[in-house]
Amino acid sequence: TWLEQLLAEGRLFEYWAHEACFVPREDYRLLVDQASDIVYRTDVNGYFTFCNPTAARITEYPAEKLVGTRFTELIPPPHRGLVSRSVLRQYLDRTPNSYQEFPIITGTGRTVWVGQNVTLNLDERGEPAGFQAIARDISDRKRAEEEREQQYHAAEQARSELRSVLDAAFAPMLVVLLDGTMRTANRRLYDMFPTLTHQAVE
């Protein structure tokens, strides 16, 4: 999106500040309020100094409560250290941009996954002055990934259990799919037919 492009260039808040000088204040406010992604800014210690209405809607915290709160307080402990280290690394290395994915706990206790791009703000002396970020709700994608992973592990477990049953059988056994494809066989079948290869079966 155009917001992400501006953020990647480190010009998001510069753009908004510029627009605020040339368009009516109500139009500028509308631009900020209608952004579909979370947009926020923090000081160098990670405390919110600005957040848009989408941030309040997704986090389920009033904007006035978010401002002054450290952003890592929204992150559950198992993920908090990793995100904190990433931001600290960006600060120490003066890395212009970074990307992280992590869950947050909303005001009602829900878990929401976000993917965020973070830009390091520098002052006129080139020293870190804070961070600006744009974050997107990626919960649906994360749920889909988790479902695929669960299905994969379930299929792997089923294959492992089938292999155990086949290998424990005293008689040679061959599994054939409905379309006639030979899927797998047990060791006794391979012992009985030494020329039969695993590739031929599987």
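1. A nonpolar core is a set of buried Ala, Val, Leu, Ile, Met, Phe, Trp, Tyr and Cys residues joined through side-chain atoms within 4.5 Å. Buried means under 20% relative accessible area, with a 1.4 Å probe and protein chains only. In this predicted model, local features need pLDDT of at least 70, side-chain atom pairs count only at pLDDT 80 or more, and totals for chains, interfaces and linings use all residues. Residues are numbered from 1 along each chain as its sequence is written, and side-chain values use heavy atoms, leaving out hydrogens and water.

2. The largest nonpolar core holds 21 residues. Tyr-40, Phe-71 and Ile-104 have the most contacts inside it. The largest share, 4 residues, comes from β4. Helices (H or I, at least four residues) and strands (E, at least two) are DSSP runs, numbered from the N terminus.

3. Look at Ile-104. Its contacts (heavy atoms within 4.5 Å) include Leu-74, Pro-76 and Val-112, not counting residues up to four places away in sequence.

4. In what order do the 5 strands of the open sheet stand? The order is β2-β1-β5-β4-β3, with antiparallel pairing. Strands pair if DSSP finds at least two bridges between them. β2 and β3 are the edge strands, and each pairs on one side only.

5. Now the hairpin. β3 and β4 form it with 5 residues between them. Gly-109 in the turn has a positive phi of about 90 degrees. The two strands pair over 9 bridges, and Asn-97 has Thr-119 as its bridge partner in β4.

6. Helix α7 (residues 139-168) lies across β3, β4 and β5. It runs at about 125 degrees to β4. Axes are lines fitted to C-alpha atoms, for helices over the stretch in contact, and angles run from 0 to 180 degrees between N-to-C directions.

Note on methods
Buried means under 20% relative accessible area, exposed over 50%, partly exposed in between (1.4 Å probe, protein chains only).
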